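Subject: Handover of a structure with notes

Dear colleague,

Please find the structure below, together with its sequence. My notes on what was found in it follow.

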Amino acid sequence: MVNSLDPTCNTTPEPMTPGSTTPNPTPLEISAAELTVPQNTSAASAKDIASDWEPKILVFACQYCTYAGADLAGLSRLQYPTTTRVLRVPCSGRTNPQFVIRAFQKGFDGVLVAGCHPGDCHFTTGNYFTRRRYLLMTRLMEFIGLDPRRFRVCWISGSEGPKFQQVVTELTDTIRPLGPSQKLWDEGGISS
Amino acid sequence: MKKVGVFVCHCGTNISQTVHCEKLAEAAKTLPGVAFSTEYKYMCSDPGQTMIKEAIAEHGLDRVVVAACSPRMHETTFRKCIDSGGLNPYMLEIANIREQCSWVHSDKDKATAKAGDLVNMAVAKVLKNEQLPSSFIPVHKRALVIGGGIAGIQAALDIADTGYHVDLVEREPSIGGKMAQIDKTFPTMDCSACILTPKMVDASQHPNITIIPYSEVEKVDGYVGNFDVTIRRKASYVDSVKCTGCGLCSEKCPSKKIPSEFECNLGTRPAIYSPFPQAIPNKPVIDRENCRYFKTGKCKICARVCTADAVNFEDQDEMVQIRYGAIVVATGYTLYDHSQYGEYGYGHYKDVISGLEFERLVNASGPTMGKIKRPSDNTEPKNVVFIKCVGSRDKARGHDYCSRACCMYTAKHATMVRDKIKDSQAIIFYMDIRTPGKNYEEFYLRGVEEYGVTYVRGRVSRIYEEGEGENRKLIVQGEDTLLGKQVFVDADMVVLATAMEPQPDAAGFARKIGISYDQNNFFSEAHPKLRPVETLSAGIYLAGACQGPKDIPDTVAQAGAAAAKVVALLSKDEMETEPIVAKVDTDRCSGCGFCIPICPYKAISFTDLTERVHGSVAWGPTGKEVKRQVANVNNGLCQGCGACTVNCRAGALDLLGFTNEQILAEVDSLW
Ligand SMILES: Cc1cc2nc3c(=O)[nH]c(=O)nc-3n(C[C@H](O)[C@H](O)[C@H](O)COP(=O)(O)OP(=O)(O)OC[C@H]3O[C@@H](n4cnc5c(N)ncnc54)[C@H](O)[C@@H]3O)c2cc1C
């Protein structure tokens, strides 16, 4: 079931012109919609991107909620793009920001960190740390000029198969027009 | 050299219809570290598992990747499989190519490419896997039950009957809880004391139960199988061993006019008292605040009349430490303080009372000897109005939740009014009538049909008084939402069905013993459907209304379930623990202590490390011993969430099974 209380997870973040007002940030989830996109956006113009280009997105999924939600999407045969690779962690709180940066350095075009809804953490408090860490992290990305639309934190429970489908589909749709992420590439990290 | 075996499963056609399994297995052969790769129709089947075991032996594999369904499905299966094939069970990784690949994609080439990536990641990770030892911790075969209401009594009896010793800690002078205060119980109307007191006696006489009354849990250390619990025995000023329970002291005590908690302040008790006649243990305690001797330094009448010489004014609180294997929390509930509904005039109008006060008024051993009399003038009320959902289902002033027992006990109370008072009227204001229980709907209907109880749908907006002396009466003003108009009902007495709430100290108590609680401060179960009596702290279980409002049948059922869990735990001599725990690299640890508060299980503490300093160092003589503090993880407490690893500034903490190296290897593997 899609949780209507999570507006940022349900709607495709609208790219905003600098200076437009940021919508009310929900304290629960972080997405690009909360942030103004930096002016030097790394979005490639449409003609630069090969027509069959697909982004590669790394998903850090906590094994108690989001990983189970992704499994449920499978059980329910909910279709979504082949862009995601799920990396299982015991708790979203295990996801070191270092892992996210490394993913961008290596060449992933987008990263999703997903865990249990606040208050539902299997480990009581883990996702609160995730929330705090990644609020900061999103700002940092903006600061270093990495398009924050490429990074998302989301709460997906074990019963939210459709939400998993929706989030990864939207993230793919958001990143596709941005083209390959080049900002943090390691030298020689990718064979282009 | 590391040798990985990759085993690709078709899962019938579940995987193979969207993923080229042969190609996948073929491609896996080229990955670094892979010594063997194959595919099979059903990897989890007997022949599939045999295939894995044989390949381990034949190719000298030291680690295994299975590309199949979700690890949540068969990780344990394959761990056992490689274990019996001679490998450490943690030398396994699963690539989830069914739930997260073949079932969610339809383009076979793209799905195969993705499956290839997933296998890549799993291989990269498994190459960094290390053998993890299963460790065993001894289980101390003694259980602690906290709270001596019906939940705690039942849990204690069920555990004790299987042969394990139980300590039942109760903070009041007697066990019994709220059920001891209730007169009759719905839906059968059998008398509460008649079914409760025999159980209380059973508990007190059971060879395997020790009741520790007038005591509270101060501290819980340790972990499942080995909880070290500190219990404070409050000073009762009466030596329970010497005391015979004759009651002479209470009889002779000069301070008799103290409001009795047990009687909801409708009756009185002396300063040296036992809360009710059937109390267990039936040994009095001295209420220090109200005792004449403690207030004035003179009196000691109780000590003088006591033939057993049991009164001891020098008594002090005493701390005892006992080790337990398992804990049942059964601390029950309290009732909502309805003085917050100022317009209902509680505390202001004596004849507006709570449901529990009503129970005492109809109870044969209560302050009125079972005659329903209104508190203001001791006359028999004719018109009794009941208001439900006071503090329940009221976001603004109370709680969102439904208290579950009130619809039924209000139906019970109204029936009793009609039964006991001639020419009486019983009118119930309600929002909804909820009767979800066996014979509950029938019970409510009987009230309406046979006893003529009147139900009015709507909320009461105000209660006010009219008239003087004899003619004084309460007016209940509310809306009848079915008629759509305001109604004014004359009442001689009003009974409020107040919400069941967590104990006022619930949150602090939960933190003290290390369990979690919900937004209302009720203790949280591990899973709302599938693990309703466990907490997320291994070895601690829940029973009764401390977990959420419930009636007696549900409480007893839950207590039995908690007891079964305790017995299952205590029946083992030792317990296997998950090796997925945090580990400290003491060389790197700077002793900053940032990991200590982040751990939700209090599993990290400081330990002293003594090191010998070799060579010449700028800051001290050589060969000197230095002592420093480093973090230490208690494996019994650590649940393996990994929150500490991210917080560690020195990079000294890592999570076994999900190490930084393993995760980074997965990230790197695709490029
Ligand atoms: C007016 C009224 C009428 C009711 N009538 C009925 C009925 O007819 N039928 C029915 O099925 N249900 C009825 N109920 C519900 C019933 O009272 C509960 O279901 C039942 O009492 C729950 O039992 P418990 O053991 O969980 O909690 P409790 O009865 O509250 O017992 C908890 C015990 O734990 C002790 N304790 C608390 N904290 C600590 C601590 N920190 N350390 C040590 N000890 C502690 C308390 O002193 C208490 O003895 C009624 C409730 C009310 C309010």
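I begin with a sheet in chain B. Three strands make up this open sheet: 3 strands in the order E11-E12-E17 (chain B), paired in the antiparallel sense. Helices (H or I, at least four residues) and strands (E, at least two) are DSSP runs, numbered from the N terminus, and two strands are taken to pair if DSSP finds at least two bridges between them. At the edges stand E11 and strand E17 (318-324) of chain B, each of which pairs on one side only. Direction ignored, neighbouring strands of this sheet are turned by 20 degrees against each other on average; such angles are taken between N-to-C directions, from 0 to 180 degrees, with axes as lines fitted to C-alpha atoms, for helices over the stretch in contact. Strand E12 (residues 226-233) of chain B is joined to E17(B) by 7 bridges in the antiparallel sense, and B:Val229 has B:Ile322 of E17(B) opposite.

Some conventions apply throughout. The model is predicted, so to speak of local features requires pLDDT of at least 70 and side-chain atom pairs count only at pLDDT 80 or more, whereas totals for chains, interfaces and linings use all residues. Residues are numbered from 1 along each chain as its sequence is written, while chains are lettered from A and ligands numbered from 1 in the order in which they are written.A second sheet in chain B is also open, with 5 strands in the order E20-E27-E21-E22-E23 and parallel pairing. Strand E20 (352-354) and strand E23 (454-457) of chain B are at its edges with a single partner strand each, so one side of each has no neighbour in the sheet. From one strand to the next, the twist averages 25 degrees. Strand E22 (residues 425-430) of chain B runs parallel to E23(B), and 4 bridges join them; B:Tyr430 is found opposite B:Arg457 in E23(B).

Two packed helices are described by the angle between their axes and the distance between the axes. In chain B, helix H11 (residues 355-362) packs on helix H12 (residues 406-420) at an angle of about 35 degrees, and their axes are 11 Å apart. The crossing of H11(B) and H12(B) is left-handed, a term used if the near helix is turned anticlockwise from the far one by less than a right angle (right-handed if clockwise). From H11(B), B:Gly355, B:Phe358 and B:Val362 meet B:Cys406, B:Tyr409, B:His413, B:Met416 and B:Lys420 of H12(B). Contact here requires that the C-beta atoms of two residues, placed from the backbone, lie within 7 Å. By class, this contact of H11(B) with H12(B) has 5 nonpolar, 2 polar and 1 charged residues; Ala, Val, Leu, Ile, Met, Phe, Trp, Tyr, Cys and Pro count as nonpolar, Asp, Glu, Lys and Arg as charged, and the others, Gly among them, as polar.

The ligand is surrounded by 39 residues, of which the closest are B:Gly147, B:Gly149, B:Gly177, B:Gly332 and B:Gly544. A residue is near a molecule or strand if its C-beta atom, placed from the backbone, lies within 6 Å of it. At least two residues of this shell come from each of helix H6 (150-161), strand E11 (215-223), strand E19 (333-335), H11, H12 and helix H15 (552-570) of chain B. The shell has 18 nonpolar, 12 polar and 9 charged residues. Domain 2 (142-234 + 317-332 + 503-570) and domain 4 (337-500) of chain B each give at least three residues to the shell.

The domain assignment of chain B also lists domain 1 (4-126), domain 3 (248-305) and domain 5 (582-655), the bounds being taken from an automatic or database domain assignment. Between the C-alpha centres of domain 1 and domain 3 of chain B the distance is 73 Å.

Turning to the interface, 33 residues of chain A are in contact with 38 residues of chain B. On the chain A side, helix H2 (66-75), strand E2 (84-89), helix H3 (97-106) and helix H4 (126-144) of chain A give two or more residues, and H2(A) supplies the largest share, 6 residues. This side of chain A has 17 nonpolar, 10 polar and 6 charged residues.

Finally, some backbone features of chain B may be noted. Most residues other than glycine have a negative phi, and most peptide bonds are trans. A cis peptide bond joins B:Phe186 and B:Pro187, with omega about -10 degrees; B:Pro187 is in the loop between strand E8 (184-185) and strand E9 (190-191) of chain B. B:Ile280 and B:Pro281 are likewise joined by a cis peptide bond, with omega about -5 degrees. B:Tyr214, although not a glycine, has a positive phi of about 50 degrees, and lies in the loop between strand E10 (209-212) and E11 of chain B.

Kind regards
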